[in-house]
Structure formats: structure tokens, C-alpha cells
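Biologist: I am new to this structure and would like to understand its salt bridges. Could you show it to me and take me through the terms?

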Amino acid sequence: MSTHQPPPNSPGHLHRVSRKMGSHGQGLVLGCCLLLAFTCGLVLSHVPRDQREQQEQQEQEEAQELLPPLDHDKRNEEKHEKYSPSQGGEPPASRCFRCCDPGTPVYQAIPAPQINITILKGEKGDRGDRGLQGKYGKTGSVGARGHMGPKGQKGSVGAPGDRCKNHYAAFSVGRKKPLHSSDYYQTVVFDTEFVNLYGHFNMFTGRFYCYVPGIYFFSLNVHTWNQKETYLHIMRNAEEVVILYAQVSDRSIMQSQSLMLELQEQDEVWVRLFKGERENAIFSDEFDTYITFSGYLVKHASEP
């Protein structure tokens, strides 16, 4: 009785051969599959990714056909462990997926929560204290001159001012030569002129002539002669007004006399050496000035 046998290269024929060979044959078949997978990996490294994935899937199907059928219990375990998306069940929590794998589940992005800031905004606080003044900045350059503005209105008349002093008179003279006498009156003549405003003091006669009436101040300073008497008069016209006197002494000293006089126009003021019983003298030398006579107008007669 003839039986039908599968072709030698068919999968059925290989399955029957593997069952006859037993465990030794199964190991040989697995080794061939691994060698075939390694060779395909080298080839697939130069193949594009899409083609590579399709080729790997085809090789896995061919390898499963070459392997001997497993027992019924092992197939049930593989069914429980293997996840199939077509069954509609959810994958285990520990299962990882690659983004490039087909059928990767798409998770919906959860929108970020939004907070209403207007609810958290508090009330307006009190105004703070004013801070310290900062440093002054650098001075800028002077700008261009602006246009001339319109002419202003005429101002009001001011209050009347004080009357200006229009009259002056002053002199100051000195003498460098000594003078002494015991038998007559002698006018003191001065040889040094310090101030002689408008020439009212005559240096040749030794007299001040009043051209501006009013109140005047006069001052006389002399140096006494030791062991001699000093006696002088300040004269107004022919009248003796005041005396400058110093007694006989072993040493010479400075003496002074001053006064104020109200003069009229053409009055004369001068200094006279007095005639006495003793020798009367005033000291001076050719180098220094020891005798001075000065006067000036204090107030004009027409001023109120």
C-alpha cells in the first residue's frame, strides 16, 4: 500500500525529520536558525529601516514554521504572555513600546491647569516713604540763546534818593626841620605835603584857607625837645583856640592836640609857636617827619 509523502524541501518534511531526530536534531535546527539570523542582521544593517522591519518579520514567521510544534501547555502560556492588539485587551502595565513600532498606542496630552490670577490678586497697599535723593547728574552744555522777547512796560518812578555830598576839603602836611624860639611868636611853616585837596592849604604861609564853609576836624602832632619847653597854639584867624603844651623833661616825647571848628568862608587856621620865658622848641630831623598838621571837612554848612 503506497503512502503519500511530502516533498523533501517542504515544511512538513522538515517537521517530520525534526521529530525523528529528537532533541539532538532540534539543537541542530536552532543553530542553523541563529546562523541564518546573524547573516541576515549583517545584510539588514545596510537596508533601510522600513525594509529591515518587514524582512525581520518575514524571517520570524519562517523560523516559527521550521521549529517543531510545542506542547499544548506551552502554547497556552505563550497566548497568555503575548499581547495581541487585535484582541481588544489592554497591554500589561510593564510592557514598553517603541515609538517606531506599528500599532503603538497614542496617549492624549493632558492640558496644564490654568489659574485665574485675578482671584489671587490682593488689595492695593499703602504708599511707601519717599526715598533718598540721588546724586546730581553731570551739567549739560549751555544751549543756544533764545529769541528776544517783547519790550516790557515802563516802570513807575522810584522814591527820591539821598542828596549827594558835592563839597570836599581836606589837607595833611608835615615838617622835617626843628624849630625853637624864646623872644617872639613864630608861625610854623610845613615843608612836606601829604594831601592838599584843591590847594586850600598854602605851603608858603603855613595857613589853611576856608573856601567851603562848614564843620572841620583838625589834628596837631609834635615831638618835644628834651630839657626844653614845648608850647604851641592852634589859631583861627588871630584867635588862640587851643594850646599844645609839654613841660621841660629829660626825655623827648610825642604830644598831640585835636579839635573841631565851624568855619566860615575866608577863615584861616594855622599853628603858632608861643613866646615864653623859657626856650620854646619842637624837635625834628632831616630824615623823619615828627611834626604833622591835618584837617578835613565833616559837614557842609548848606546840608541840613
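Modeller: Gladly! A salt bridge is a side-chain nitrogen of Lys or Arg within 4 Å of a carboxyl oxygen of Asp or Glu. The structure holds three of them. Bear in mind that this is a predicted model, where local features need pLDDT of at least 70, side-chain atom pairs count only at pLDDT 80 or more, and totals for chains, interfaces and linings use all residues. Residues are numbered from 1 along each chain as its sequence is written, and side-chain values use heavy atoms, with hydrogens and water left out.

Biologist: What makes Glu268 and Arg207 a salt bridge?

Modeller: Their side chains meet at 2.7 Å, N to O, and the limit is 4 Å, so the pair qualifies. Glu268 belongs to strand β11 (residues 268-273) and Arg207 to strand β6 (residues 207-209), so the bridge ties together parts 61 residues apart in sequence. Strands here are DSSP runs (E, at least two residues), numbered from the N terminus.

Biologist: Why does the pair Glu239 and Arg236 count as a salt bridge?

Modeller: The closest N and O atoms of Glu239 and Arg236 are 3.5 Å apart, which is within 4 Å, so the term applies.

Biologist: And how do you know whether Arg272 is buried or exposed?

Modeller: Buried means under 20% relative accessible area, exposed over 50%, and partly exposed in between (1.4 Å probe, protein chains only). Arg272 has 12%, so Arg272 counts as buried.

Biologist: What is the term for Glu240, its salt-bridge partner?

Modeller: Glu240 has a relative accessible area of 42%, so Glu240 is partly exposed. The side chains of Arg272 and Glu240 meet at 2.4 Å, N to O.

Notes:
Helices (H or I, at least four residues) and strands (E, at least two) are DSSP runs, numbered from the N terminus.
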